[in-house]
Structure formats: structure tokens, C-alpha cells
Amino acid sequence: MGLLTPLGLGGCGAPTAAAASSGRRRAARPRHCATTHAGAHEPEQGRRPQQPPPTAPTAAGGALLPRGADGPSWWRRCEPCAANGFDLEHVRLLDAAFERATGRGLLQYYGIKGGGGGYGGEDDDDDDGTASLSSSAARRLYEEVPFCLLSHSTPPPPARAEEGGEEPREPLLDYGNQAAQQLFEYAWSELLGTPSRLTAETAREQAEREAFLERVRRDGFVTDYSGVRVARSGRRFEIKSAVVWNLHDPATGALVGQAAAFRDWEALPVAGQ
């Protein structure tokens, strides 16, 4: 079983060969956003725009509603870093929903020192729980924690549907911390916008995953999920004891995404070996 520990990263955020093959990591190295920051972290790219979400019908079957207010720029935004508060607004959404589901914030749940209300840090506004999650806590959740944290949401439809009808919209990955990037072998820019179904390999595994996510949509969260996943290289592993929970628009309450966190995983043998 692999227990996620600090990252071993190669150039440009890619996992080192040793880290990817062994499931073990070396001590973390600070990583910095390579984007030129002049204008790069305006609200439309650095975080969710503060504007009313568009009116949209309720999706059938409890499906995720599209992120129409954010638009395509949500899947092109800059990697979390000091200049954008380490994607603070989105991480606050993840953490607050996690706390509502489990009774504890992410750092508390996984036993990270200093994971109380506000999670410590010099830039905490107050100490009233995850609503005041600091950028220092967002940085820890992105760079340092020994567990994977990911989320997905559904893009808005195009301005004009293609002739013959609009293609079905599927959830795309919209966040993955460095632990998740290492395990799944995607850099931030590669991870954003990747269909989340591709984290499962075979048609059967994708169907099982979708059935499980439907259970989460119905029940709100699950704390004991295990399932087979695949890295970008084709390396297969089974995640253990994952927590998966729903994400709701704070303004409307609409279901807009889902998130997952897990610390334990087990490498699986390559087919034919």
C-alpha cells in the first residue's frame, strides 16, 4: 500500500520516474507559478468571478449543473501560487463542503498539525472555521499535505450548439493538488480540463465509477470509497478509503461539482505480469 508522503517532482512539475514507479516521494521542493503575473491573476482567471450565476434549468437525474458563470477561463486559470492565494476561493469551497459533510476540515480530518478553525497562519481573518481558511492553509493543501485532493465540475455549453444538437457535457477536472498531480502524472496545466472519467481506464471501471458518483450525488458524501484508477502513463493503482463529497454553488445551492480526498493507495500489477 502506498502512503502519500512529500512530493518528488521533476522539471516543470512532472513526477520523477522513481516517484511515479515506486509510489514513494522525496521531500517537497517549493514550486512557483511560471506564468507572468501582470494581469494573469485577474478574477476571471485566478478565482471564481463574483457575479450572479446564469439562470439554468435543473439538470435531470441530479446531474451537475454547468459552471456558466465562470466560462472556459476556469479551465485555463493559473496554477495555485502566492499571487492568486493558492486558488483560495475554490479551496475554501472544497474545505467548507468537506466540513459540512464530515464535521471536520480537511487538515483536521487527516490529522495535520495546526488544522483547527482557520488553520492558523498569519493571514487568517478570524478563527470561525473553514469560512476563514487562510491562503497559508490553501498553500499547505496544494503543496504539502500527504493526501490527494481533486475536484471536477461541468463546463457551460458552447454559445452555439453544433448542428444536430449539443454534445453531452461531462465533468472536467478543475483542481488537483501536487500529491494528486504526482500520482496521476499530470501537471497543473494538463490536469485542468481533462475529463475526470479518464482517471478510470476500462469501460467497466468507468461505469463503476459513474455509478458510485451517482450514489454521492444522491447521498451527499461517502467516506469509505475504494476503486481502481490509472495514471497518465497507464500505471494502475487502487485508491483506498477515499472521501468523496458534493460541491454546491454558495449562492444558489445548485450542485456544481464533486471532490475527492484520499491518502492511501496500492499499486496494481501490469496486465500480463
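Select Glu-210. Its relative accessible area is 37%, so Glu-210 is partly exposed; buried means under 20% relative accessible area, exposed over 50%, and partly exposed in between, using a 1.4 Å probe and protein chains only. A salt bridge here is a side-chain nitrogen of Lys or Arg within 4 Å of a carboxyl oxygen of Asp or Glu. Arg-217 has 15% relative accessibility and counts as buried.

A word on the model. It is predicted: local features need pLDDT of at least 70, side-chain atom pairs count only at pLDDT 80 or more, and totals for chains, interfaces and linings use all residues. Residues are numbered from 1 along each chain as its sequence is written, and side-chain values use heavy atoms, with hydrogens and water left out.

**Salt bridges**

How many salt bridges does the rule give? The count comes to 15. Select Asp-87 and Arg-77: their side chains meet in a salt bridge at 2.5 Å, N to O. Asp-87 and Arg-77 both sit in the loop between α2 (43–46) and α3 (88–102), 10 residues apart. Both are buried.

Next, pick Glu-143 and Arg-139. They form a salt bridge, the closest N and O atoms being 3.6 Å apart. Both lie in helix α5, 4 residues apart, about one turn of the helix. Helices (H or I, at least four residues) and strands (E, at least two) are DSSP runs, numbered from the N terminus. Glu-143 is buried at 13% relative accessible area, while Arg-139 is partly exposed at 26%.

**Along helix α5**

Stay on helix α5, residues 135–143, and select Ala-137. Is Ala-137 buried or exposed? It counts as buried, at 0% relative accessibility.

Move to Leu-141. Neighbours within four places in sequence aside, Leu-141 is in contact with Val-91, Leu-106, Leu-107, Leu-133, Phe-147, Tyr-175 and Asn-177. Contact means heavy atoms within 4.5 Å.

**The largest nonpolar core**

Which members of this core touch the most others? They are Leu-106, Leu-141, Phe-147, Leu-149, Trp-245 and Phe-262, out of 49 residues. Strand β5 (residues 236–248) gives the most to this core, with 7 residues. A nonpolar core is a set of buried Ala, Val, Leu, Ile, Met, Phe, Trp, Tyr and Cys residues joined through side-chain atoms within 4.5 Å.

**Aromatic pairs**

Show the rings. The whole structure holds 10 aromatic pairs. Rings of Phe, Tyr and Trp (its six-membered ring) pair if their centres lie within 6.5 Å; planes under 30 degrees apart count as stacked, over 60 as edge-to-face and the rest as tilted.

Select Tyr-109 and Tyr-110. Their ring centres are 5.1 Å apart and their planes at 70°, so the pair is edge-to-face. Tyr-109 is partly exposed at 24%; Tyr-110 is buried at 8%.

Then select Tyr-142 and Trp-188. Here the centres are 5.9 Å apart and the planes at 85°, so this pair is edge-to-face. The pair links distant parts of the chain: Tyr-142 is in helix α5 and Trp-188 in helix α7 (residues 188–191), 46 residues apart. Tyr-142 counts as buried at 1%, and Trp-188 is buried at 4%.

Last stop: select Phe-98, Tyr-109, Tyr-110, Phe-147 and Trp-245 together. They form one aromatic cluster.
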